[in-house]
Amino acid sequence: MTDLSIDLGFLKLKNPVIAASGTFGYGLEFSPFINLDKLGGIVVKGLYYSPCQGNPPPRLAETASGLINAIGLQGIGVERFSEEILPRLKDYNTAIIVNVCGEYEEEYVSVVDFLNKKEGISAYELNISCPNTKKGGLCPALSPENTYTVVSLVKKISLRPVITKLSPNVTDIVEIALSAQEAGSDAISLANTFLAMAVDVETRRPKLANIFGGLSGPAIKPIILRMVYQVASCVKIPVIGLGGIMSGSDALEYLIAGAKAVEVGTANLVDPEATIRIIDELEEYCVKNGIKKIEEIVGTLITQ
Ligand SMILES: Cc1cc2nc3c(=O)[nH]c(=O)nc-3n(C[C@H](O)[C@H](O)[C@H](O)COP(=O)(O)O)c2cc1C
């Protein structure tokens with residue numbers, strides 16, 4: 001038997017596999033397909049304080065080994081989430097993480113302040129990195145100063161651990177990660193999508209109404225893996241890796257590079273059972289390689 005549990009310090013997960021925000025609804029949508037109790041955690045779809053309709057369609061375009069989305073953080077807002085979704089999520093034995101959005105700095109604070117009073121949430125994931133919000137959007141994760149401002153504002157009032165979700169659309173990812181750490185973030189999730197576009201050559205129009213969207217899926221994995229390795233080597237707080245994880249082997253690459261846990265996004269849209277398959281594949285790998293506790297392999301990359 002392998003112990004798949006992971007201790008993030010502020011949160012114990014039964015295994016390192018978390019469903020990524022925006023690709024797993026509010027969790028409940030996947031309950032007909034998989035046993036949610038088996039997951040390490042679920043990050044729900046991003047929430048602004050008020051409901052948000054997102055961008056106009058078309059909002060998705062497939063590319064070679066990837067997907068560009070410009071959903072624009074469509075969501076039901078904190079009140080409906082607390083009334084309709086949270087009470088039902090309590091039936092499941094998995095960590096529930098809320099992805100927090102803001103159109104301006106204080107909105108992050110308002111969302112967290114509201115949710116602080118509700119039960120059934122394990123942590124907040126600050127989405128300071130969405131590349132495709134409606135109004136061009138606030139993307140604090142593009143600068144160390146803005147990252148520091150939002151994270152420290154939220155940390156001042158948060159009653160729960162805060163995971164800061166970074167953007168890969170920067171030159172120096174370590175600088176931003178250090179800024180989040182300095183502001184008091186309890187962990188880093190790395191990363192959100194790459195700003196991207198696609199063109200329909202017949203119509204000569206962009207494939208997305210928003211023109212730009214965020215690229216996810218296998219195409220981005222090698223780049224984010226490199227960032228996770230760089231960041232995990234420099235920060236003291238845990239790093240959660242995500243980007244293009246489709247298999248147990250992909251997840252292992254992130255763990256070996258230094259991620260303590262992983263999130264699985266686009267894979268859920270291809271195969272609703274992807275998270276469970278990945279957990280099973282991680283266990284098989286551990287059994288085959290005589291690893292008793294999966295935490296043993298975190299950060300074990302051999303470079304010499
Ligand atoms: C359709 C779609 C919607 C997304 N919505 C959100 C969101 O609401 N909040 C967020 O932080 N990230 C969102 N993301 C980004 C994912 O959580 C993840 O960071 C990214 O897709 C990279 O992981 P992947 O390659 O495994 O999908 C979304 C991604 C997709 C494809």
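1. A friendly start with a pair of helices: α3 and α4 cross in a right-handed sense. In this predicted model, helix α3 covers residues 144-157, and its axis lies 8 Å from that of α4 at an angle of about 25 degrees. That angle makes α3 roughly parallel to α4, since angles under 35 degrees count that way.

2. Which residues of α3 and α4 meet? Pro144, Thr147, Tyr148 and Val151 come from α3, and their partners in α4 are Glu175, Ile176, Ser179, Ala180 and Glu182. Sorted by class, the contact of α3 with α4 holds 5 nonpolar, 2 polar and 2 charged residues.

3. Helix α4 (residues 173-182) also packs against helix α5 (residues 221-232), with an angle of about 50 degrees and axes 9 Å apart. These two helices are therefore oblique to each other. The crossing of α4 and α5 is right-handed.

4. Where α4 meets α5, the α4 side supplies Ile173, Val174 and Ala177, while Met227, Gln230 and Val231 belong to α5. The class count for the contact of α4 with α5 is 5 nonpolar, 1 polar and no charged residues.

5. Please have a look at helix α6 (residues 248-257) too. How many of its residues are buried? The count is 7 of 10, so the helix is mostly covered. The buried ones are Asp250, Ala251, Leu252, Glu253, Tyr254, Leu255 and Ala257.

6. The cover over the buried residues of α6 includes helices α5 and α8 (274-288), along with strands β3 (17-19), β15 (239-242) and β16 (261-264). After α6 comes Gly258, which has a positive phi near 125 degrees.

7. Val44 deserves a point of its own. This residue sits in the loop between β4 (41-43) and β5 (60-63). Is Val44 buried or exposed? Val44 has 24 other C-beta atoms within 10 Å, so this residue is buried, because the cut-off for that class is 20 or more.

8. What does Val44 touch, leaving aside residues up to four places away in sequence? Its contacts are Ser21, Tyr26, Gly27, Ile96, Val98 and Asn99. Phe24 is 20 residues from Val44 along the chain, and the C-alpha atoms of the two are separated by 6.8 Å.

9. Finally, the ligand. A shell of 26 residues surrounds the ligand, and the closest are Gly22, Gly46, Ser216, Gly265 and Thr266. By class, the shell around the ligand divides into 15 polar, 9 nonpolar and 2 charged residues.

Methods. Residues are numbered from 1 along each chain as its sequence is written. This is a predicted model: local features need pLDDT of at least 70, side-chain atom pairs count only at pLDDT 80 or more; totals for chains, interfaces and linings use all residues. A residue is near a molecule or strand if its C-beta atom, placed from the backbone, lies within 6 Å of it. Ala, Val, Leu, Ile, Met, Phe, Trp, Tyr, Cys and Pro count as nonpolar, Asp, Glu, Lys and Arg as charged, and the others, Gly among them, as polar. Axes are lines fitted to C-alpha atoms, for helices over the stretch in contact, and angles run from 0 to 180 degrees between N-to-C directions. Helices (H or I, at least four residues) and strands (E, at least two) are DSSP runs, numbered from the N terminus. Angles under 35 degrees count as roughly parallel, over 145 as roughly antiparallel, 65 to 115 as roughly perpendicular and the rest as oblique. A crossing is left-handed if the near helix is turned anticlockwise from the far one by less than a right angle, and right-handed if clockwise. Two residues are in contact if their C-beta atoms, placed from the backbone, lie within 7 Å. A residue is buried if 20 or more other C-beta atoms lie within 10 Å of its own, exposed if 12 or fewer, and partly exposed in between; C-beta atoms are placed from the backbone.
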